[in-house]
Amino acid sequence: MRKLLILGGTTEASALAQALAGEPEFDTLLSFAGTTRAPRPPPVRHRIGGFGGAEGLAAFLRAGRFDLVIDATHPFAATMKRNAVRATDAVGIPLLGVLRPEWSPVAGDDWIVVAGMAAAARALGDVPRRVLLTIGQKDLAVFRNAAGHSFILRSVDPPDPDVLPIAEVISARGPFLLADEITLLRQRRIEILVTKNSGGAATAAKLEAARACGVRVVMVERPAPPEGVVTVPDAAAAMQWLRAHEAAERGV
Ligand code: NAP
């Protein structure tokens with residue numbers, strides 16, 4: 001049996017855990033950072049919390065005698081991605097990346113593409129706007145510098161109220177439907193939507209809704225993923241890779 005660590009916190013990681021749950025040749029452990037208060041219980045063993053940097057992860061991999069790591073963290077989880085490369089290099093085991101494709105603008109979109117969250121705050125401009133933030137919790141503080149705007153936040157968990165004055169918090173977890181996204185933009189009279197270029201189907205409807213409603217999108221580009229990691233776009237491709245890898249290991 002092969003011991004497999006999945007670095008998770010994404011739809012892809014959950015789908016992969018689901019696919020691996022019935023596979024007798026893999027002993028799978030799914031790891032969550034613990035940033036979301038109530039992760040859905042997965043169908044494989046799981047653990048919660050950081051490892052203590054790349055060294056901590058390397059020690060964890062050695063102690064648990066893991067054979068392979070799949071980094072299926074979010075496209076914006078840059079630190080964990082870097083640590084996964086360093087730790088698997090140090091231990092000498094393979095690393096597979098799962099990274100969903102980016103969203104791209106299509107005809108009718110009004111996107112301002114920016115390189116980071118501070119640039120997103122600047123891109124809101126000086127005229128007070130009604131702004132929908134769908135960026136999670138971590139980067140809210142940079143919007144303090146754009147305090148003239150009225151912020152509505154959609155987030156899985158409630159934010160710390162001291163970080164940024166928010167006019168309304170919508171507590172919701174995707175997937176989201178187009179009709180509901182259009183209703184949200186219209187009812188709240190949203191003028192600008194701020195989002196990370198996370199990619200994926202579960203939260204893409206907001207972009208279509210923005211196009212339909214003439215809402216400007218401030219799109220934050222992804223950090224560059226680490227170089228030299230074999231990467232696939234989804235859980236199905238990761239399963240294919242795993243089967244091919246195992247067959248090669250067994251020499252069949
Ligand atoms: P990050 O900045 O790359 O990582 C920060 C630290 O969190 C890491 O150094 C690690 O701590 C710990 N960590 C991250 N992912 C982990 C995992 N799967 N298991 C155990 N520890 C983990 O990551 P982030 O952007 O804060 O994201 C945290 C988690 O939320 C990830 O699992 C990610 O997939 C998920 N997520 C992130 C976003 C986003 O927009 N960033 C969106 C949706 C979901 P140590 O150094 O102590 O090991």
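Visitor: In what sense do strand β10 and strand β11 pair, and over how many bridges?

Guide: This is a predicted model. In it, β10 (residues 192-196) and β11 (residues 216-220) pair in the parallel sense over 5 bridges. Two bridges are enough for strands to count as paired. Within the pair, Ile192 stands opposite Arg216 in β11.

Visitor: What makes β6 and β9 edge strands?

Guide: The open sheet has 6 strands, with parallel pairing, in the order β6-β11-β10-β7-β8-β9. Both β6 (111-114) and β9 (168-171) pair on one side only, and that makes them the edge strands. On average, neighbouring strands of this sheet are turned by 20° against each other, direction ignored.

Visitor: Which helix packs on that sheet, and which strands does the helix touch?

Guide: That is α6 (residues 205-213), which touches β6, β7 (130-134), β8 (150-155), β10 and β11. The direction of α6 makes about 155° with that of β10.

Visitor: Why is α2 called oblique to α3?

Guide: Helix α2 (residues 53-63) and helix α3 (residues 78-91) pack at about 50°, with their axes 8 Å apart. Angles under 35 degrees would count as roughly parallel, and roughly perpendicular begins at 65. The angle falls between these limits, so α2 is oblique to α3. Their contact includes Leu57 and Leu61 of α2 and Met80 and Ala84 of α3. The crossing is right-handed.

Visitor: How do you know that the buried residues of α1 lie on the same side?

Guide: The buried residues of α1 (residues 11-21) are Glu12, Ala13, Leu16, Ala17 and Leu20. They cover an arc of only 135° around the axis, which puts them on the same side of α1. On the other side, Thr11 and Gln18 are exposed. Elements covering the buried residues include β1 (2-7), β2 (26-32) and α7 (235-250).

Visitor: Why is Arg65 called exposed, and what about its phi?

Guide: Exposed means over 50% relative accessible area. Arg65 has 69%, so it is exposed. Arg65 sits in the loop between α2 and β4, and its phi is positive, about 50°, although it is not a glycine. Most residues other than glycine have a negative phi.

Key:
Residues are numbered from 1 along each chain as its sequence is written. This is a predicted model: local features need pLDDT of at least 70, side-chain atom pairs count only at pLDDT 80 or more; totals for chains, interfaces and linings use all residues. Side-chain values use heavy atoms; hydrogens and water are left out. Buried means under 20% relative accessible area, exposed over 50%, partly exposed in between (1.4 Å probe, protein chains only). Helices (H or I, at least four residues) and strands (E, at least two) are DSSP runs, numbered from the N terminus. The arc is that of the directions from the helix axis to the C-beta atoms. Contact means heavy atoms within 4.5 Å. Axes are lines fitted to C-alpha atoms, for helices over the stretch in contact, and angles run from 0 to 180 degrees between N-to-C directions. Angles under 35 degrees count as roughly parallel, over 145 as roughly antiparallel, 65 to 115 as roughly perpendicular and the rest as oblique. A crossing is left-handed if the near helix is turned anticlockwise from the far one by less than a right angle, and right-handed if clockwise.
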